[in-house]
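Thank you all for coming; I would like to take a few minutes to walk through one structure with you. Please have the sequence and the view open while I talk.

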Amino acid sequence: MKEIDELNLPEEAYYTQNHEWARLDGEEITIGITDYAQDQLGDIVFVEMPQIGDSFSKGDEFGTVESVKAVAELYLPVGGEIVSVNNSLEESPELVNTSPHEDGWIARMKPADPGEVDALMAKNAYMDMLKGV
Amino acid sequence: MRYLPHTDEDIRSMLEVVGVKCLDDLFPTVPESCQFIRENHIPGPFSEWELNDHMEVLAKKQSRSGNSRFIGAGSYEHYVPASVSSLLGRSEFVTPYTPYQPEISQGTLQAIYEYQTLVGRLLGMEVVNASLYDGASALAEALLMAVRITRKKRVAVSSAIHPHYRRVAETYLRPSGIEMVDLPYLENGRTDFTRCDPVEDLAAVAVQSPNFFGCIEDLKMICEYCDSNDLLSIVSFAEPLAYGLLKNPGSQGAHIVCGEGRSFGLPLWFGGPGLGMFACRKKYMRSMPGRLVGKAVDKDCKDGFVLTLATREQHIRREKATSNICTNSSHCALAAAVYMATVGGTGMRELATLNRDKSEYLKKELTKAGFKIPFDAPTFNEFVVKSPPGFEQTHRRLMEKGIVAGLPLASYYPELAGYYLLCVTETAGRNEMDELIREIRS
C-alpha cells in the first residue's frame with residue numbers, strides 16, 4: 001500500500017469523499033476513481049459501467065469496481081447524463097490500477113449543473129481528508 | 001451441537017420488550033379458522049419394528065403398485081445406476097454446507113467443477129453454475145437475470161412451460177414489479193413466440209423444450225427472433241435427457257438455459273429432491289445467480305479448484321447480490337455428475353433414442369386404438385393425446401388397477417378437456433404398453 005505522500009493525485013481534478021475524481025474537459029466532465037481508491041482495492045478485475053444516455057443525480061450509484069478482494073460502488077460526483085464510457089476497461093480493467101487518473105478513466109458526462117463541481121474537494125482538501133486532518 | 005438459541009428467560013425478556021404476555025399473543029392477525037388449536041394426535045412411541053410396519057402401511061396407501069406409470073409432466077422415471085448411490089454415500093461427499101475453504105474441500109469442489117463441465121457440454125453453454133434448487137426456481141432466476149441485464153421490466157413466458165414453473169416464477173416476479181406476458185401456443189403445440197409485441201420494453205422470451213406438451217420447440221427460430229429484436233432468449237427444460245438426442249440450446253443460440261436435472265440419477269421420492277441446472281453465455285456470467293467453481297493453480301502450479309466470482313453473491317454483496325440464494329443442491333448435483341459420467345456421451349444418446357422410440361411406439365398404438373394426436377410438432381418421450389369419448393372412466397378404472405394412463409390436462413389448461421399427457425421412458429417395457437392398449441380397448 002502507498003503512503004499518502006506517494007499518491008499521484010492531479011492538481012486540476014476535483015475529489016469526493018467516496019474517492020472518485022472529476023475533471024472538467026470543456027463542456028464535459030471525466031470521472032474515475034482516485035489513486036488512493038485503486039491502491040486500497042488491489043488488483044481490479046472488472047468494471048461495471050453505466051450505459052450511454054443514462055441520467056443520474058449527484059451521489060447516485062452509476063457502476064461498480066470489482067477487485068480480487070472487494071466490490072466497490074461508484075457514486076457520481078455531479079449529476080448529469082453519461083455521454084461516453086471507457087470501453088478499453090472491458091478488456092483491460094487493470095488500467096484503473098496502472099493509470100487511475102488518465103487511461104483508467106471510467107465515464108464522461110454532461111453535467112446538468114456545472115456549478116456542482118465547486119462543491120467538491122480540491123486536491124489539498126482531499127489529501128487532508130485522507131490524512132485525517 | 002444443538003441449536004436452541006433462546007432460553008425461557010430469553011423469550012420472557014424479549015416478550016417484555018415487545019409488550020405481550022406470551023408467544024400466542026404475537027399471532028392474533030392469523031384468522032382463527034387458519035389456526036391449529038386442537039391437540040396434536042400423535043400416537044405413543046413405536047418400537048423400530050412397529051414403526052417400519054406402520055410406514056409400510058402408509059406407503060402402500062399412497063403408491064400405485066406396478067410399473068405401469070405412463071406419466072411424466074416434469075418428473076420422469078429413469079433407471080438409476082448403482083454407481084450413483086454407491087458414490088453418493090462416500091463419507092467424503094456427505095458433508096454439510098458449502099466448501100468455502102479450498103484447502104480442505106478439493107474433492108467436493110472438483111466434483112462440482114465436473115458437474116458444471118458435464119452440464120456445460122450437455123447444454124452447449126459456456127458457463128454453468130454449481131446448481132440451484134430446482135427447475136422452477138431456476139426459471140424464476142433466469143427471468144430475474146434477464147431483467148438485470150437489460151434493465152427492462154417485462155418478460156414473455158410461453159404458456160407451454162410447465163404450469164408449476166410459471167407459478168413459481170410469478171411468485172418471484174410479481175412483488176418485484178416485473179410483468180409476465182403469456183405467449184399462447186399454436187395448433188401444432190409449439191409456442192407462438194411472435195406474439196410478444198411490443199418488444200421495445202421486453203427483456204426476454206422464455207420457452208421450454210421439449211415443452212409441457214412434450215413438443216420440441218424450434219429453438220433456432222426463437223433465438224434468432226430474440227437476437228433480431230434485441231431480446232434475451234431463455235430456454236427452460238424439464239427433461240434434460242432430451243438433449244442426448246436433440247440439438248442443445250447453446251448450439252441454437254440460447255442466452256440463458258435453465259431447467260430441472262432430476263432425471264439424472266435422482267429418484268422420484270414423492271416429488272423431490274430437485275436439481276436446478278443453470279447456464280449462460282460467458283458475457284453474462286457476472287449477472288448469473290448462484291455459486292461457481294473454477295479451476296486455478298496453486299503456488300506449485302498444480303491444478304486446484306476454488307469458488308470463484310463470489311463477489312456476485314450475498315455473503316459479499318449483501319442486497320446487491322445477483323440472487324438472495326447462494327445455496328446450491330450440491331449432493332443432487334453430484335448425483336447428476338456421477339449419472340452423466342456413468343452413462344457417457346454415447347450412452348446418453350442411446351438412452352435418449354430408447355425413450356423416443358418407446359414413446360413413438362405407444363403413440364402409434366394409441367392412434368390405432370382411437371386416440372388423436374392433436375399437436376403435430378415432433379416429441380421426445382412425452383406427448384398429448386385427445387381421448388375418445390368415455391375415456392375418463394377408463395382412466396379412473398386403470399388407476400385402480402395401478403396403471404397410470406397419463407395426466408389429464410384440463411386442470412392446467414381448461415380448454416384441453418379430454419386431452420391427456422402421456423410419457424414413456426426406458427423403464428417401460430413393451431408388454432406394459434401392450435397391456436395398457438388392451439385395457440383401453442376392453
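Let me start in chain B, where helix α9, residues 330-368, lies across β10 and β12 and runs at about 5° to β10. Please keep in mind throughout that this is a predicted model.

The strands under discussion belong to an open sheet of three, in the order β10-β12-β11 of chain B, with antiparallel pairing. Because β10 (382-386) and β11 (407-408) of chain B each have a single partner strand, they stand at the edges, and one side of each is left without a neighbour in the sheet. Between β11 and β12 (residues 419-423) of chain B there are two bridges, in the antiparallel sense, and B:Leu407 is found opposite B:Leu421 of β12.

Turning to chain A, we find an open sheet of six strands, ordered β1-β2-β3-β9-β8-β5 and again described by antiparallel pairing. Within that sheet, β3 (residues 28-33) and β9 (residues 107-111) of chain A are joined by three bridges, and A:Ile29 has A:Met109 as its bridge partner in β9.

Now, how do the two chains meet? Six residues of chain B are in contact with eleven of chain A, and the area buried between the chains is about 730 Å², with carbon and sulfur atoms giving 40% of that area. Of what chain B buries against chain A, 63% is supplied by B:Arg151, B:Arg286 and B:Arg317, more than by any other three residues.

Two salt bridges are found across this interface, and in a salt bridge between B:Arg286 and A:Glu66 the side chains come to 2.9 Å, N to O.

Notes:
Residues are numbered from 1 along each chain as its sequence is written. Chains are lettered from A and ligands numbered from 1 in the order in which they are written. This is a predicted model: local features need pLDDT of at least 70, side-chain atom pairs count only at pLDDT 80 or more; totals for chains, interfaces and linings use all residues. Side-chain values use heavy atoms; hydrogens and water are left out. Two strands pair if DSSP finds at least two bridges between them. Helices (H or I, at least four residues) and strands (E, at least two) are DSSP runs, numbered from the N terminus. Contact means heavy atoms within 4.5 Å. Axes are lines fitted to C-alpha atoms, for helices over the stretch in contact, and angles run from 0 to 180 degrees between N-to-C directions. Buried area is the accessible area (1.4 Å probe) that two parts lose on being put together, summed over both. A salt bridge is a side-chain nitrogen of Lys or Arg within 4 Å of a carboxyl oxygen of Asp or Glu.
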